[in-house]
Structure formats: C-alpha cells, structure tokens
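Here are some notes for a first look at this model. Please read them with the structure open.

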Amino acid sequence: MTDTYDFAIPDDPDLQNALFIRVFNEGDGAAFDSMYAPDAISNMSGVPLTGAERTGFFKEFLATGPKIVSQVKQTYTTGDTSLLIVDYTLDIPGPEGVHTVKGTCTDVLFRDVNGKWTMAVDRPVPTA
C-alpha cells in the first residue's frame, strides 16, 4: 500500500459525495485524507483537527471499519469554492455492537489552480 493517492474529485456535488462515501467505506484513512488540503480542518473526531493529527485520526478511525451513507441536501458554489450540506448516517462498530450516529455535515471544497477540487473543511454535527 502507498500513501500517495490521486483522486479526481468531480464537479458534480452528488458525484463528490459518492466518492467520499466509497473511499471512506473502503477503510483506508490515508486514501480518505488525501482528498483534503494539507491545512484542511476536519471535525469528524469531535474536535477540529488539521495536518498530521487529522491524518492520524482518519487512519486509526477508518481502520475500525465504520460505514457511512449520506445524501447531499443543498449545494452552493461560487467560482472555485463549494459548500455542501449533507445528511449522514454513520455506523461505528464497537465491542458492544454497532453505534449509529446521524446528523448533518457542512463540507467546504475549493478548486485549485490545476482545476482539482479539494476538501478544505468538514464539520459533521450529530443530531441528539
């Protein structure tokens, strides 16, 4: 396995979402993290993480086999920045069975000078 990945995140928000689901559910944290800018912020852990801390969290968390399904509810794109609002259901396996978390996530992506979309911010917020 290599830590170098080159995912072409598509322009279409529904296809972006499908790619994130597929890579997440494959369980390779390094692959999932490769869709993020180096200084991107993820709140998936419950606290904002960036850089090596974010990468480490994704590697450890996705290795446990969580599965996600999500649906794009709204998108807003202006120029090279896109905001996606996504409803999600996350099944997290544990010693006492699967724990299910549902909520809404706001994702911010940007298109770089080469035209490649990259994740800048993800902020999943679980519902009570």
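1. Start with the pocket lining. This is a predicted model. Six elements each supply at least two residues of the lining of the largest pocket: helix 1, helix 3, strand 2 (67-78), strand 3 (81-94), strand 4 (97-111) and strand 5 (117-126). Strand 3 gives the most, with five residues.

2. Now the space itself. The largest pocket holds about 430 Å³. It is lined by 25 residues, and those closest to its centre are M44, I68, Y88, C105 and P124.

3. What classes of residue make up the lining of the largest pocket? Nonpolar residues number 19.

4. Turn to the aromatic rings. The structure holds seven aromatic pairs. One of them joins F24 and F61 edge-to-face, at 6.3 Å centre to centre and 65° between the planes. This pair links distant parts of the chain. F24 sits in helix 1 (residues 13-26) and F61 in helix 3 (residues 51-62), 37 residues apart.

5. F57 and F61 are separated by about one helical turn because they are four residues apart in helix 3.

6. Finally, the wider group. One aromatic cluster is formed by F24, F32, Y36, F57, F58 and F61.

Conventions:
Residues are numbered from 1 along each chain as its sequence is written. This is a predicted model: local features need pLDDT of at least 70, side-chain atom pairs count only at pLDDT 80 or more; totals for chains, interfaces and linings use all residues. Side-chain values use heavy atoms; hydrogens and water are left out. Rings of Phe, Tyr and Trp (its six-membered ring) pair if their centres lie within 6.5 Å; planes under 30 degrees apart count as stacked, over 60 as edge-to-face and the rest as tilted. On a 1 Å grid over the protein atoms alone, a cavity is a set of points where a 1.4 Å probe fits but cannot get out, and a pocket is an open set with protein on both sides within 12 Å along at least five of seven lines; lining residues have an atom within 4 Å of a point. Grid points are joined across faces, edges and corners, and a volume is the space filled by probe spheres set on the points. Ala, Val, Leu, Ile, Met, Phe, Trp, Tyr, Cys and Pro count as nonpolar, Asp, Glu, Lys and Arg as charged, and the others, Gly among them, as polar.
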